[in-house]
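Subject: Structure handover and findings

Hello,

Here is the structure we spoke about, with the sequence. My notes on the salt bridges and the sheet follow below.

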Amino acid sequence: MASSSTIPATENKVLILKSSDGDEFQLEESIAIGSVTIKNMVEDDCASNTIPLPNVDTEALVKIFEYLKKHAEISGSDEEEEIKKTKIKDFDKEFVSVKMQKLFNIILAANFLDIKALLDLCAQAIADKIKNKSHVAVRKIFNVECDYTKGEEEAVRKENAWAFEGEEFDESLD
């Protein structure tokens with residue numbers, strides 16, 4: 001019988017990942033190592049049992065698995081590079097077409113799991129969503145309280161009136 005050290009690296013080893021909500025998921029190691037955090041745990045032999053992910057809730061973990069699986073599936077296909085790029089771009093566009101709060105949760109999880117491409121994708125999606133939003137809407141979206149009194153804010157607006165000329169801002173929160 002072969003020892004575990006002679007098992008080829010291409011064999012589909014399954015990892016068990018546990019969300020902060022206590023839910024456990026199985027994911028192929030070859031896909032899970034799309035996360036640098038998980039890859040380091042596997043390389044350091046810390047992934048023998050269940051891998052706890054205390055900073056990742058179930059909802060975000062499911063979305064991240066969807067992202068990792070789809071990217072692995074497309075990247076591993078035999079299609080031409082241009083077709084792969086188009087498919088990934090289409091998938092990514094649909095993937096980030098979610099509510100702002102869900103994107104925030106995915107960003108936090110992607111940051112913890114160190115999945116740079118996903119972090120960049122979600123950050124760009126949020127930037128695109130707040131583009132042309134009013135300062136009031138952006139404050140509400142990011143839950144930032146205004147430091148200025150009404151009078152101070154009005155003074156700043158008068159002093160910098162040029163910044164508000166001809167601009168129409170979106171007041172929606174998503």
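The salt bridge count for this model comes to eight. Please keep in mind that the model is predicted.

Salt bridges

As background, side chains of opposite charge can pair when their charged atoms come close.

One of the pairs is in helix α3, which covers residues 58-75. There the side chains of Lys-63 and Glu-66 form a salt bridge, with an N to O distance of 3.5 Å. The two residues are three positions apart in the helix, or about one turn. Lys-63 has a relative accessible area of 12%; because buried means under 20%, Lys-63 counts as buried. Glu-66 has a relative accessible area of 35% and is therefore partly exposed, as this value lies between the 20% and 50% limits.

Helix α4, residues 81-95, holds the next pair. The side chains of Glu-81 and Lys-84 meet in a salt bridge at 3.5 Å, N to O. Lys-84 and Glu-81 are three residues apart in α4, so about one helical turn separates them. Lys-84 is buried, with a relative accessible area of 11%.

As for accessibility, both Glu-82 and Lys-85 are exposed.

Sheet

In general, strands of a sheet pair through backbone hydrogen bonds, either parallel or antiparallel.

The model has an open sheet of three strands, in the order β2-β1-β3, and the pairing is mixed. Its edge strands are β2 (24-28) and β3 (50-52), each of which pairs on one side only. On average, neighbouring strands in this sheet are turned by 35° against each other, with direction ignored.

Strand β1 covers residues 14-18 and runs antiparallel to β2, with five bridges joining the two. In one of these, Ile-16 has Gln-26 of β2 as its bridge partner. Helix α3 packs on the sheet and touches β1 and β2. The direction of α3 makes about 10° with that of β2. Helix α3 is also where the Lys-63 and Glu-66 pair lies.

Regards

Conventions:
Residues are numbered from 1 along each chain as its sequence is written. This is a predicted model: local features need pLDDT of at least 70, side-chain atom pairs count only at pLDDT 80 or more; totals for chains, interfaces and linings use all residues. Side-chain values use heavy atoms; hydrogens and water are left out. A salt bridge is a side-chain nitrogen of Lys or Arg within 4 Å of a carboxyl oxygen of Asp or Glu. Helices (H or I, at least four residues) and strands (E, at least two) are DSSP runs, numbered from the N terminus. Buried means under 20% relative accessible area, exposed over 50%, partly exposed in between (1.4 Å probe, protein chains only). Two strands pair if DSSP finds at least two bridges between them. Axes are lines fitted to C-alpha atoms, for helices over the stretch in contact, and angles run from 0 to 180 degrees between N-to-C directions. Contact means heavy atoms within 4.5 Å.
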